[in-house]
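Hi,

Here is the structure I promised to pass on.

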Amino acid sequence: MTDALVETRGLTFAYPQPTGVLFRRPVPRAVLKKIELAVPRGGALGLVGESGSGKTTLGRLLVRLLRPSCGDIVFDGVEIARMSEAELRPLRARVQMIFQDPQSSLNPRLRLGVTLTRPLQAFGRLKGERDRRDRAAALLDLVGLPTGFVDRYPHQLSGGQRQRAGIARALALAPDFIVADEIVSGLDVSTQAHILLLLKELRARLGLTLVFISHDLSVIRVLCDEVAILRHGEIVERGRVADIFDRPQHAYTRELLAAIPLPDVEPGWLDGERTVITKCHQGTAA
Ligand SMILES: Nc1ncnc2c1ncn2[C@@H]1O[C@H](COP(=O)(O)OP(=O)(O)OP(=O)(O)O)[C@@H](O)[C@H]1O
Ligand SMILES: [Mg+2]
């Protein structure tokens with residue numbers, strides 16, 4: 001047995017088809033086919049592939065926002081693929097998904113202090129208003145945002161700050177496992193670097209296990225130990241990031257590598273950003 005926190009075996013999924021004209025219901029088409037993955041405890045796996053290859057669908061399956069058509073998902077030694085919502089409840093505190101658009105997790109009508117602590121409230125882990133403010137301030141601090149942001153609304157933040165707030169909300173329940181779906185896409189390169197460095201630090205500090213979805217292999221390279229290349233719902237290649245970069249086996253992987261927008265990025269490029277991040281902690285976060 002591997003020491004995987006999350007593992008899939010023969011994971012297959014088709015979206016349910018809408019009911020068509022009588023007798024003409026289309027046959028569901030599998031968008032993921034027999035996916036075999038293992039994410040080691042504390043490890044970071046990158047998922048890469050072209051648009052429509054099934055990355056988001058796979059991410060949603062791993063945190064059981066979707067139910068697989070067949071195959072297994074084992075989380076911390078327990079088979080969760082067919083669990084009911086009631087059975088999944090304890091797991092809901094341990095796994096989180098962060099999306100590209102933090103608007104989906106940040107309610108525009110609520111101050112951050114309320115939004116960030118909503119998950120704690122849902123799990124009965126808040127001890128009143130004072131505790132709410134303290135916990136929200138601690139979460140903001142964790143992601144390098146000023147604690148005074150508890151009273152701000154999402155529209156009063158920059159794109160990078162909103163993404164930090166989205167990460168803070170995902171961390172509220174101190175999860176073990178996070179799926180981050182294209183969370184730096186759409187941000188400028190410098191802000192991307194800040195967010196990636198933040199995730200790298202949080203991963204080390206909190207012992208997080210990470211699945212990081214991106215169409216950009218250069219982003220995967222700075223954050224992940226391993227990478228799986230997805231194409232038309234199948235994994236065409238997977239392995240250590242360094243090996244895939246040095247010796248891509250599949251023609252499709254070579255195509256992806258050729259398409260990297262920042263081809264000469266050094267593996268340690270983020271480490272040079274440390275001084276900027278320190279400034280972020282002092283309240284000038286990107
Ligand atoms: N809710 C849905 N209902 C039906 N089909 C869907 C649904 N969501 C996605 N699909 C289909 O499933 C396939 C995989 O989609 P998915 O969103 O997982 O791809 P992706 O790799 O995340 O793409 P992108 O890089 O554009 O985000 C696509 O063919 C898509 O059209
Ligand atoms: Mg997607």
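Let me start with the second largest pocket: by class, its lining has 7 nonpolar, 3 polar and 2 charged residues. Keep in mind that this is a predicted model. The space in that pocket comes to about 170 Å³, and its lining is made up of L5, R41, G42, L142, L171, A174, P175, D176, L206, G207, L208 and T209.

Now for the largest pocket, which holds about 480 Å³ of space. It is lined by 20 residues, and R92, V95, Q96, M97 and R169 are the closest to its centre. Helix 2 (85-92), strand 6 (95-98), helix 3 (112-122) and helix 5 (159-171) each give two or more residues to the lining, and strand 6 gives the most, with 4 residues. Sorted by class, this lining has 11 nonpolar, 4 polar and 5 charged residues.

Then there is ligand 1. Around it you'll find Y15, R29, V31, E50, S51, G52, S53, G54, K55, T56 and T57. That shell has 2 nonpolar, 6 polar and 3 charged residues, and helix 1 (residues 55-62) supplies the largest share, 3 residues.

A few side chains to click on: an N or O atom in the side chain of T57 is 2.5 Å from an oxygen atom of ligand 1, and a polar side-chain atom of T56 lies 2.8 Å from an oxygen atom of the ligand. On Y15, a side-chain N or O atom is 3.4 Å from a nitrogen atom of ligand 1. Taken alone, the ligand exposes 630 Å², and the protein buries 56% of that.

Cheers

Technical notes:
Residues are numbered from 1 along each chain as its sequence is written. Chains are lettered from A and ligands numbered from 1 in the order in which they are written. This is a predicted model: local features need pLDDT of at least 70, side-chain atom pairs count only at pLDDT 80 or more; totals for chains, interfaces and linings use all residues. Side-chain values use heavy atoms; hydrogens and water are left out. On a 1 Å grid over the protein atoms alone, a cavity is a set of points where a 1.4 Å probe fits but cannot get out, and a pocket is an open set with protein on both sides within 12 Å along at least five of seven lines; lining residues have an atom within 4 Å of a point. Grid points are joined across faces, edges and corners, and a volume is the space filled by probe spheres set on the points. Ala, Val, Leu, Ile, Met, Phe, Trp, Tyr, Cys and Pro count as nonpolar, Asp, Glu, Lys and Arg as charged, and the others, Gly among them, as polar. A residue is near a molecule or strand if one of its heavy atoms lies within 4 Å of it. A polar contact is a pair of N or O atoms within 3.5 Å; within protein, one must be able to donate a hydrogen and the other to accept it, and residues adjacent in sequence count only if both atoms are side-chain atoms. Accessible areas come from the Shrake-Rupley method with a 1.4 Å probe; for residues, only the protein chains shown count as cover.
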